[in-house]
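Dear colleague,

I am handing over a structure that is new to you, and I would be grateful if you kept it open beside this message while you read. My notes on what was found follow directly after it.

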Amino acid sequence: MKNNHKLTTDSKLPNIGVTIFTVMSKLAADCGAINLSQGFPDFQADPALFEATLRAMRDGRNQYPPMAGMPELRTAIADKIEALYGVRYDSDQEITVTAGATQAIFTAIAAFVRGGDEVIVFEPVYDSYVPAIETVGGKAVYAQLGFPDYKPDWSRVRSLISPRTRMIIINSPHNPTGSLLDAEDLAALVELTRDTDIVVLSDEVYEHIVFDGERHASVASIPELASRSLVVSSFGKTYHITGWKIGYVFGAADLMTEFRKVHQFNVFTVNTPCQIGIADYMRDASRHLGLASFYEKKRDFFRDQLRGSRFELLPCRGTYFQLARYDKISDRPDREFAQWLTREVGVAVIPVSVFYQDGRDDRVVRFCFAKQEATLAAAGAKLRRV
């Protein structure tokens with residue numbers, strides 16, 4: 001049937017294209033380059049996790065789970081939070097299993113941000129936050145982390161708070177920079193939000209990947225902050241299963257009630273046997289408590305690989321990302337440099353300017369070191385020749 005009418009659409013996200021992660025991973029595949037761009041491991045998870053999940057499948061646990069997630073998984077999450085941060089969240093009312101951290105973040109924003117509301121985010125800002133804010137009619141307000149240590153300026157944040165400020169999004173350990181918020185930062189956030197209706201959305205998906213003997217500072221450990229916060233974490237990052245897309249969010253019951261109102265129609269629920277498999281696997285706490293040491297060795301190995309290169313490595317206090325300045329190598333803009341490095345050198349990276357609204361370019365790129373040592377060594381050999 002022929003129709004000559006051309007449908008006109010008014011895009012909610014007119015300036016958004018394909019994410020840089022998709023672009024660089026495709027370019028890496030097309031060029032046969034080593035992919036240190038997108039943040040996923042190139043090694044397998046523990047077979048015990050697969051076996052636990054397969055048992056659940058074979059036991060017939062393949063139908064819809066409860067909307068908030070399997071009770072045994074929510075209980076395991078509550079136990080972990082209590083062990084780590086000294087506070088008990090109610091597994092029935094205050095914890096929800098999600099289809100990955102990105103869904104949790106979008107749902108939290110959709111639940112609390114209305115048209116015209118403002119949300120403070122910190123640049124360089126992870127790429128999913130602002131599109132989610134704008135999709136629901138909110139406005140992102142940008143505070144910049146200081147270069148090159150990527151620390152927040154809380155006096156600047158205070159100046160950005162207005163009567164329309166509905167939410168502040170924080171991310172620690174921070175993607176893409178590998179920086180951390182500490183107890184002093186959280187104390188400043190307490191002071192800024194006291195006696196306001198501001199909701200704090202705390203992206204803590206790399207909570208177990210903190211280096212050099214430091215401890216992760218979670219908003220959950222500070223009662224005054226916890227009462228206004230939703231905290232997001234991810235099993236994908238913790239157990240090397242990013243493709244399973246299973247995360248969770250926890251927060252005070254009144255906040256979780258609103259979160260679930262959106263969640264039940266946004267996703268409703270998440271893969272049953274995988275939830276059961278993860279719950280079983282979580283019984284051994286060493287599996288997440290050992291993650292910092294595991295990735296610290298990879299960080300140090302990768303940094304050693306770049307010793308003698310012309311890249312200038314910035315501090316990496318957490319996550320599995322390493323930033324590096326390349327201004328001694330090239331004066332190309334970072335997007336152009338990332339494409340050149342992929343095509344001509346054979347190593348794919350992420351240009352950090354994509355995490356700034358104005359494309360601020362400090363000539364810095366992001367490497368992912370969640371890879372086998374053989375992969376990192378092969379990349380290192382190429383990068384030392386640049």
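Predicted model: local features only at pLDDT ≥ 70, side-chain atom pairs only at ≥ 80, totals over all residues.

Residues are numbered from 1 along each chain as its sequence is written, and side-chain values use heavy atoms, with hydrogens and water left out.

The chain as a whole

The secondary structure comes to 15 helices and 13 strands, where helices (H or I, at least four residues) and strands (E, at least two) are DSSP runs numbered from the N terminus. The radius of gyration of the chain, taken over C-alpha atoms, is 21 Å, close to the 21 Å that the globule rule (2.2 Å times the number of residues to the power 0.38) gives for 386 residues, so the chain is as compact as a globular protein of that length. Buried residues, meaning those under 20% relative accessible area with a 1.4 Å probe and protein chains only, make up 55% of the 386 residues.

The largest pocket

A pocket here is an open set of points on a 1 Å grid over the protein atoms alone, where a 1.4 Å probe fits, with protein on both sides within 12 Å along at least five of seven lines; lining residues have an atom within 4 Å of a point. About 1,200 Å³ of space lies in the largest pocket, a volume being the space filled by probe spheres set on the points, which are joined across faces, edges and corners. Of its 49 lining residues, the closest to the centre are Thr-19, Phe-21, Tyr-126, Asp-127 and Ser-128. The largest share of this lining, five residues, comes from α5, and by class the lining has 25 nonpolar, 17 polar and seven charged residues.

The second largest pocket

About 350 Å³ of space lies in the second largest pocket, and of the 20 residues that line it, the closest to its centre are Ala-76, Ala-279, Asp-280, Met-282 and Arg-283. The elements that give two or more residues to this lining are α2 (47-58), α3 (71-85), α11 (272-281) and α12 (286-289), and α3 gives the most, with seven residues. The lining divides into ten nonpolar, two polar and eight charged residues.

With kind regards

Key
Nonpolar A, V, L, I, M, F, W, Y, C, P; charged D, E, K, R; others polar. Buried < 20%, exposed > 50% of the residue type's maximum accessible area, 1.4 Å probe, protein only.
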